[in-house]
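Reader: I am new to this structure and would like a friendly tour. Could you show it to me before I start asking?

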Amino acid sequence: MKRKIIILGCLLLLLFGVCILLFQISKSRTFQFFGEIYPRVETQQKVVALTFDDGPTRKHTDEILGILREENVKATFYLVGSAIEENQGETEKIIQEGHEIGNHTYHHKRMILVSPDVVKNEIETTDELIKKAGYKGDITFRPPFGKKLFALPFYLSEHNRNTITWDVDPETFVEKSEDIIKYTLKNTKNGSIILLHVAYDSRAESMKSVRPIIKNLREKGFEFKTVSELLSIKN
Ligand SMILES: [Zn+2]
């Protein structure tokens with residue numbers, strides 16, 4: 001009896017350990033079970049990619065596009081399918097300004113413990129909407145919340161698609177614009193992928209940070225690339 005309890009205890013402990021491990025892997029920015037994942041690219045060149053997640057939204061697309069136009073920067077927008085559908089015009093504006101568009105799923109849900117069918121649907125519906133808006137380039141993929149486990153990386157790997165995460169995410173650690181700028185400048189290195197959200201009212205501090213981040217990184221000698229350009233440098 002005692003032995004049975006010990007064995008059961010060990011099994012439960014093991015199961016708990018496996019769960020913790022899978023949880024860590026599901027949110028890892030640098031590892032997944034299948035295919036390529038890029039939190040940044042390895043390069044000697046002073047290049048960096050500015051990426052914006054979520055949206056598009058009617059309220060804030062013009063503002064971010066205006067800043068990027070004035071600063072002459074091409075960025076990468078990871079757009080959500082349902083928002084593209086609602087804001088077709090904003091999507092077209094982003095494309096017309098020459099920015100890169102990435103796929104950020106249709107529903108923006110955590111893509112763990114989901115079926116292959118759900119994955120296929122989330123990605124392919126969004127691809128179609130991006131193309132329908134007139135986008136012609138490669139479409140990289142970024143998982144909502146950076147979460148993935150089995151089915152998502154498997155689909156992406158089978159379709160030769162890269163998973164793009166990030167290595168500089170100031171909003172995870174700080175809130176105020178001056179801190180977002182400071183954090184970004186301190187942590188950006190060659191080949192970094194910077195993640196910001198500017199599509200919603202709650203992200204005003206991030207929006208305020210975009211121009212100073214661009215100006216300061218330029219002063220440090222960095223050049224801005226889209227994610228695909230960054231990947232091609234690496235390759
Ligand atoms: Zn997102």
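Predicted model: local features only at pLDDT ≥ 70, side-chain atom pairs only at ≥ 80, totals over all residues.

Reader: Which protein residues are the donors of the zinc ion?

Author: Donors are N, O and S atoms within 2.8 Å of the metal (3.2 Å for Na, K and Ca), and water is not among the atoms, so sites may look incomplete. Along the chain, the donors of the zinc ion follow the spacing D-x49-H-x3-H. Lying 2.1 to 2.2 Å from the zinc ion, they are D54 (OD), H104 (NE2) and H108 (NE2).

Reader: Is H104 buried or exposed?

Author: Buried means under 20% relative accessible area, exposed over 50%, and partly exposed in between (1.4 Å probe, protein chains only). H104 has 1% relative accessibility, so H104 counts as buried.

Reader: Which residues have the most contacts inside the largest nonpolar core?

Author: A nonpolar core is a set of buried Ala, Val, Leu, Ile, Met, Phe, Trp, Tyr and Cys residues joined through side-chain atoms within 4.5 Å. The largest one has 35 residues, and those with the most contacts inside it are L50, F52, L68 and F77.

Reader: Which residues does F52 contact, leaving aside its neighbours within four places in sequence?

Author: Contact means heavy atoms within 4.5 Å. With those neighbours set aside, F52 is in contact with I64, L68, A75, T76, F77, Y78, L196, V198 and V210.

Reader: What separation do the C-alpha atoms of I84 and A133 have?

Author: I84 sits in helix α3 (residues 81–86), and at 0% relative accessibility I84 counts as buried. Among the residues that I84 touches, leaving out those up to four places away in sequence, are T126, L129 and I130. I84 and A133 are 49 residues apart along the chain, and their C-alpha atoms are separated by 8.5 Å.

Reader: What volume does the largest cavity have?

Author: On a 1 Å grid over the protein atoms alone, a cavity is a set of points where a 1.4 Å probe fits but cannot get out, and a pocket is an open set with protein on both sides within 12 Å along at least five of seven lines; lining residues have an atom within 4 Å of a point. Grid points are joined across faces, edges and corners, and a volume is the space filled by probe spheres set on the points. The largest cavity is lined by 13 residues, with D54, T61, I64, F77 and A199 nearest its centre. Its volume is about 90 Å³.

Reader: Which residues lie nearest the centre of the largest pocket?

Author: The largest pocket holds about 390 Å³ of space. Of the 17 residues that line it, those nearest its centre are F145, G146, W166, D169 and T172.

Definitions and conventions:
Residues numbered from 1 in each chain as written. Heavy atoms only, no water. Helix = DSSP H or I, 4+ residues; strand = E, 2+ residues; numbered from the N terminus.
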